[in-house]
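Subject: Structure for you to look at

Hello,

Here is the structure I promised to pass on. Please open it and keep it beside you while you read my notes below.

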Amino acid sequence: MKLETVKIKNFRGYQTETIIPISNLTAFIGKNDAGKSSILEALEIFFNNSLVSCEKEDLNVTADDNQIEISCVFSDFPDELIIDAANPTTLAAEYLLNNENKLEIKKVFPATAAKPKEKVYIICNHPTIENGKDLLTLKKAELKQRAKQTLNIPNENYNGNINSSIRQAIWNSFENLELQETELLVDKEDTKKVYDTLKSYLPLYALFQSDRQSKDDDKEVTDPMKIAVQQALSELTVELDYIKEQVRNKAIDTANRTLEKLREMSPELANALIPEFKTEPKFDSQFKLTIKSEEDIPINKRGSGIRRLILLNFFRAEAERLRAQHQGNQIIFAFEEPETSQHPDHQEMLIEAFKELSNTGNSQIILTTHTPALAGLLPLNSLRFIQKNGNDRIVELGTEEVFTKVADTLGILPDPISKNANAILLLEGKSDVTFINHTAEQLKNKGFINHTFEDKRIALVPIGGCGNLRHWTTLRLIDQFGIPYCVLLDSDKGTNEEQNNIDTIEELRNNGIKAYATLKREPENYIHLDVLNLPVGSTFNFTETCDAKVLIAAQKISRKQNVLEDYWTLMTAEQIREIEKYDDNGTERFEFSEMFIDFLSIV
């Protein structure tokens, strides 16, 4: 299931119900004590109530009542639920979806005890008509009585052994169910069965806090490993179910044989006893995974930078694994200030991993940040700005005014642009500047183009891609000075980002902006094999869609972010012409030569 919205009321700084949309990647921005961490911790309480648990003191000081409310709205819920033997039903058939046809679960914590106990409600558009509003709370015998004796529904209209069938027959007997938004308490009978079933589909939620003491079982390290175990178990469901069934059958067989022997001695007692296999095994508590430091030094005794570096690479590894996989439970990674104790290069790598993870289809990322460089790389649609409003909080998103508040709060400035610049070419990363300059110089020297970008005073400005905050602040500066601009993006061909980039280029062109995406995945995919000085007989190669920089870096023992600087600068004009050549329906074309000529014509 995918988290669409979180609603918070009477929790810490949030007095009135605050509705917060959650996307695949969500970033909360605001001043200190604005309430960013409270949202992440409210979700921890909703999903786990362990790393952070609800306490009486969490009640808002000006709350109208003593109840803390945390609600989550989900999409992509299961098509079927089995709550009655092996007979499936659906949330829609049971009238358990809200007015927007989403699954909404509210948890209420009465702040009358030091550790409030949750009450769970499903907020749904539910029947309110007499004899039709309480069916999910009735036992089978009560449902039969309601159908037969109270409403005189013929027996042939339902299967008396299946609760959902009896309910449907009862609801079908009314002309108007008088559907209204209802808070359906999950406490007994099939309401409890529904929720118990839904719990297995809820996303895994992992919160990584930035400011706390290290413990022997430091969750900065154990939580990712715990998730690894949970993911492994979710991918082995069929095998584990088979094992559980075999254990159940053998255990019950032993119990039956025992009762048979008992029947020989005391038939009356034996006939009164029934074998029941009650406890489901909790496999995730049986498997422990950790990463040991050198000389058996616990990881939690290492510096916070080292612990977070392990986390960084956990997320990067997950991004790589999940690119090609769409299985297992949805996972929500919530990260407070991921920049903490990290080198700026690592911060950017972490954001790239977050962006990749959020596009895998089974992960959502929620984070807070105070760092301008990191926030500048975040997509505009991910930004949520939080500010105080007395004893309440306001969460805003999606407008030019909000982007301005975020940029001003964090001090995000556009990259400096030369006063002498006649135009601007917006690029994704710093290494793309090397790629553009070297390519233009080589092509000009051999007469394939007439100018370089420097000749025409076209400034090359890396912004980390289009649609992020840095891009937005740069465009504000461009608009202010009336400077023409053009855009070059990686196509990210073969990845989940490819369609987004196609759409971005199309939108830019529709607005009269000269914009291109590389035909191959990214510039590294154009590197000529000859400049790599591979051993004689080497079969090393890469395609136009693979992660060429990773493959090249592994071959040459080089950092992948330095591949363009190290090897593209060795490319000759002839090699560039060879790798940029492509066939366009029988016509020989040259990608960069033609693209650069078009860009250069902007001045």
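**What I found**

Start on the surface. Tyr 242, Ile 243 and Val 247 form a nonpolar patch there, and together they have about 300 Å² of accessible area. Keep in mind that this is a predicted model. Take Ile 243 from that patch. Ile 243 sits in helix H6, which covers residues 237–265. Its relative accessibility is 42%, so Ile 243 counts as partly exposed. The cut-offs behind that label are under 20% for buried and over 50% for exposed, with partly exposed in between.

**One face of a helix**

Next, go to helix H4, residues 189–199. Which residues of H4 are buried? They are Asp 190, Thr 191, Val 194, Tyr 195, Thr 197 and Leu 198. Now look down the axis of H4: the buried residues fall within an arc of 160°, and therefore they line one face of the helix. An α-helix has 3.6 residues a turn, so residues three or four places apart point the same way.

**A proline in strand E7**

Strand E7 also holds Pro 110. Is Pro 110 buried or exposed? Pro 110 is buried, because its relative accessible area is 18% and the cut-off for buried is under 20%. Look at what it touches. Leaving aside neighbours within four places in sequence, Pro 110 is in contact with Asn 66, Gln 67, Pro 116 and Lys 117. Then find Asp 65. Asp 65 and Pro 110 are 45 residues apart in sequence, and their C-alpha atoms are 9.1 Å apart in space.

**Two positive phi angles**

Last, check the backbone in two loops. Most residues other than glycine have a negative phi. Arg 12 has a positive phi, near 50°, and is not a glycine. Arg 12 lies in the loop between strand E1 (2–9) and strand E2 (18–21). With 25% relative accessibility, Arg 12 counts as partly exposed.

Asp 33 is not a glycine either, and its phi is positive at about 70°. Where is Asp 33? Its place is in the loop between strand E3 (25–29) and helix H1 (36–47). Asp 33 counts as exposed, because its relative accessibility is 56%.

Best wishes

Terms used:
Residues numbered from 1 in each chain as written. Predicted model: local features only at pLDDT ≥ 70, side-chain atom pairs only at ≥ 80, totals over all residues. Heavy atoms only, no water. Patch = residues over 30% accessible without salt bridge, like charges linked within 9 Å, V, L, I, M, F, W, Y side chains within 5 Å. Areas by Shrake-Rupley, 256 points an atom, 1.4 Å probe, with all protein chains shown as cover. Salt bridge = Lys/Arg side-chain N within 4 Å of Asp/Glu carboxyl O. Helix = DSSP H or I, 4+ residues; strand = E, 2+ residues; numbered from the N terminus. Buried < 20%, exposed > 50% of the residue type's maximum accessible area, 1.4 Å probe, protein only. Arc of directions from axis to C-beta. Contact = heavy atoms within 4.5 Å.
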